[in-house]
Structures are given as structure tokens and as C-alpha cells.
Amino acid sequence: MNPYLVLVNKTHPVPEDYLSRVELVSACGVDQREILVERQTLEAYQALASYVKETEDVVIGAANAYRSVQAQQQIYEQFCVSYGKDYAACGHIDANGWGI
């Protein structure tokens, strides 16, 4: 079974052991902050970034990647204060630790 293939929605929460199935590695975000990214995703992103730079002379960067449930909850709460809970509830941001 593919450890990355997982159905997540309102009736199927992220499995509690999900993080133990993936390898998070450190990378540098566009603002020079450290971000955590799943290893295979980072490798694919780096190949894409290199290709686009070489062929189109375009630089792309990652602003965010993995966030803990606690970090996502804090973002959700700040979003609710700034834009209102009704707007946040419309799917613009997720309180369960997974940005959408």
C-alpha cells in the first residue's frame, strides 16, 4: 500500500500515525526561513525549480510546507479574528491542521 495515499475529509480525519509514514526534511523557504517538506516532494520541487530556471529563466520558491496541527490552529484562529469565523468556515482555511 502506498503510504502517501490517504483520503482526508470531514468524515475521514488524517490517520494518527500519518506522520510516522512520511519523511520530513528541512529546506529553505522563499523568505529564508526553515520549512519542513516531505522528502520526495522536495526532490520533485527542486527538479521543477531547476528546470524552470534553466528553460524559462524563472525563479520559483516555496513559502510554506508542512505545518503542525498546533501551527495550523494558530493560523486558523488568527484568520478568524481578521476575517471572521463564517468566512474561515467556508473552506478558505482548515482548523484541523491541513491548509486548503
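Biologist: How many aromatic pairs does a search of the whole structure find?
Modeller: The search of the whole structure finds one aromatic pair. Rings of Phe, Tyr and Trp (its six-membered ring) count as a pair if their centres lie within 6.5 Å.

Biologist: Which residues form the aromatic pair, and is it stacked, edge-to-face or tilted?
Modeller: F79 and Y83 form the pair, and it is tilted, at 4.7 Å centre to centre with 45° between the planes. Planes under 30 degrees apart count as stacked, over 60 as edge-to-face and the rest as tilted.

Biologist: What should I know about the model itself?
Modeller: This is a predicted model, in which local features need pLDDT of at least 70 and side-chain atom pairs count only at pLDDT 80 or more, whereas totals for chains, interfaces and linings use all residues. Residues are numbered from 1 along each chain as its sequence is written, and side-chain values use heavy atoms, with hydrogens and water left out.

Biologist: Where do F79 and Y83 lie?
Modeller: Both are in helix α3 (residues 69-83), and because they are four residues apart there, about one helical turn separates them. Helices are DSSP runs (H or I, at least four residues), and strands are runs of E of at least two, numbered from the N terminus.

Biologist: Is F79 buried or exposed, and is Y83 buried or exposed?
Modeller: F79 is buried, at 17% relative accessibility, whereas Y83 is exposed at 55%. Buried means under 20% relative accessible area, exposed over 50%, and partly exposed in between (1.4 Å probe, protein chains only).

Biologist: Changing topic, how many salt bridges does a search of the whole structure find?
Modeller: The search finds five salt bridges. The term requires a side-chain nitrogen of Lys or Arg within 4 Å of a carboxyl oxygen of Asp or Glu.

Biologist: Which residue forms a salt bridge with E43?
Modeller: R39 does, with the closest N and O atoms 3.2 Å apart. Both residues lie in helix α2 (residues 39-56), four residues apart, which is about one turn of the helix. E43 is partly exposed at 44% relative accessibility, and R39 is partly exposed at 28%.

Biologist: Which residues are linked in a network of salt bridges?
Modeller: The network links E23, R39 and E43.

Biologist: And what about D31 and D57?
Modeller: D31 meets R33 in a salt bridge at 2.6 Å, N to O. D57 forms one with K53, where the closest N and O atoms are 2.7 Å apart. D57 is exposed at 57% relative accessibility, while K53 is partly exposed at 39%.
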